[in-house]
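Hi,

Here is the structure I said I would pass on to you.

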Amino acid sequence: MGRLEQAAFARAVHALSELPPPDAPEVAFAGRSNAGKSSALNAIVGRRRLAFTSRTPGRTQQIVMFRLPGGQHLVDLPGYGYAKVPESIRRHWESTLAAYLRERPNLEGLVLIMDARHPLTPLDRRMLDWFAPTGRPIHCLLTKADKLGRQEAARTLADARRALRAWGERCSVQLFSSVGKTGVEEAEDVIAGWLRVFPRAPEPETSEAPTRRRGPRGRPAAGAPGGDRRRRAKKSPSGEARASRRRPRAKGDKHEAEMP
Ligand SMILES: Nc1nc2c(ncn2[C@@H]2O[C@H](COP(=O)(O)OP(=O)(O)OP(=O)(O)O)[C@@H](O)[C@H]2O)c(=O)[nH]1
Ligand SMILES: [Mg+2]
């Protein structure tokens with residue numbers, strides 16, 4: 001099971017006054033309308049339909065909060081830059097987002113989702129301008145990378161990395177695809193670190209004789225010949241060993257298309 005897989009819908013709010021008390025770490029997903037924020041959040045928690053996704057831009061129009069068992073929150077912010085939003089609503093969200101990003105004391109980091117085909121739009125730059133002065137980290141996902149060829153993707157990443165230096169050292173970037181599942185574990189590592197959700201301790205080695213080393217339900221236990229293939233410990237960027245735990249996905253997996 002992924003480290004963030006137990007996230008559950010907690011609440012959807014329109015105003016900052018409705019937010020829960022800031023007593024546990026929080027990570028927010030921001031980005032242009034239709035950039036793929038909700039899809040990225042779903043891919044990272046390893047659940048297809050936790051956050052609503054839609055082909056219709058401007059679908060997420062509230063601050064939607066997902067809570068982890070330890071009390072931390074993942075926050076799906078309303079997208080910006082959708083031209084058809086009425087002026088009064090646009091203003092409301094602009095001031096709400098700016099205040100949230102600057103003042104939420106438990107906001108540990110910002111995940112900025114940008115379409116890899118046109119990253120760092122003027123509105124993305126403004127988000128970076130709002131958040132970077134807080135001194136907290138920003139991790140950018142260049143999503144829909146499946147729409148780019150390999151070389152184009154590599155060039156886009158290098159260009160974005162260079163441009164993002166303008167917002168300081170705490171700004172990182174990676175390629176991502178919710179459809180192709182590119183970069184999902186890398187993003188999960190960053191977010192789980194910010195939320196202080198740590199890998200589960202490895203299962204203890206059994207001291208039974210080799211002939212009787214069977215895991216639960218008759219599977220070979222970790223350490224038994226062939227038994228640890230799916231749970232082989234992997235080094236995370238922080239150097240900690242952790243078990244590989246992503247379940248395989250069917251090739252045709254699709255995201256939910258519309259809100260019910
Ligand atoms: N090809 C491709 N399509 C994607 C990817 N991520 C999202 N999409 C599609 O992009 C559209 C918008 O995705 P959402 O995740 O709803 O985007 P959002 O940023 O949450 O949108 P709003 O909530 O409206 O601001 C949907 O049709 C998704 O299926 C991706 O990695 N690759
Ligand atoms: Mg959304």
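**What I found**

Helix α4 (residues 150–164) lies across β6 and β7, and its direction makes an angle of about 175 degrees with that of β7. For angles like this, axes are lines fitted to C-alpha atoms, for helices over the stretch in contact, and the angle runs from 0 to 180 degrees between N-to-C directions. Helices (H or I, at least four residues) and strands (E, at least two) are DSSP runs, numbered from the N terminus.

Before you go further: this is a predicted model, where local features need pLDDT of at least 70 and side-chain atom pairs count only at pLDDT 80 or more, while totals for chains, interfaces and linings use all residues. Residues are numbered from 1 along each chain as its sequence is written, and chains are lettered from A and ligands numbered from 1 in the order in which they are written.

Now the sheet. It is open, has seven strands with mixed pairing, and runs in the order β1-β3-β4-β2-β5-β6-β7. β1 (8–13) and β7 (171–175) are the edge strands with a single partner each, so one side of each has no neighbour in the sheet. From one strand to the next, the twist averages 20 degrees. Two strands count as paired if DSSP finds at least two bridges between them.

Six of its six residues are buried, so β6 is largely enclosed by the rest of the structure. Buried here means that 20 or more other C-beta atoms lie within 10 Å of the residue's own; exposed means 12 or fewer, partly exposed is in between, and C-beta atoms are placed from the backbone. Ile-138, Cys-140 and Leu-142 are buried on one side of β6, and His-139, Leu-141 and Thr-143 on the other.

Towards β7, Leu-141 faces Gln-174.

β5, helix α3 (residues 122–131) and β6 form a right-handed β-α-β unit, and so do β6, α4 and β7. Right-handed means that, with the strands pointing away from the viewer, the path from the first strand over the helix to the second runs clockwise.

Next, α1 (residues 37–45): nine of its nine residues are buried. They pack against β2 (26–31), β4 (73–76), β5 (107–115), β6 (138–143) and α5 (184–195). Gly-46 comes after α1 and has a positive phi, near 75 degrees.

- Glu-108 sits in strand β5. It counts as partly exposed because it has 18 C-beta neighbours inside 10 Å. Beyond its neighbours within four places in sequence, its contacts (C-beta atoms, placed from the backbone, within 7 Å) are Pro-25, Glu-26, Val-27, Arg-136, Trp-194 and Leu-195.
- Trp-93 belongs to helix α2 (residues 87–103). With 21 C-beta neighbours inside 10 Å, Trp-93 counts as buried. Trp-93 and Ala-15 are 78 residues apart in sequence, yet their C-alpha atoms are 9.1 Å apart in space.

Cheers

Definitions and conventions:
Contact = placed C-beta atoms within 7 Å.
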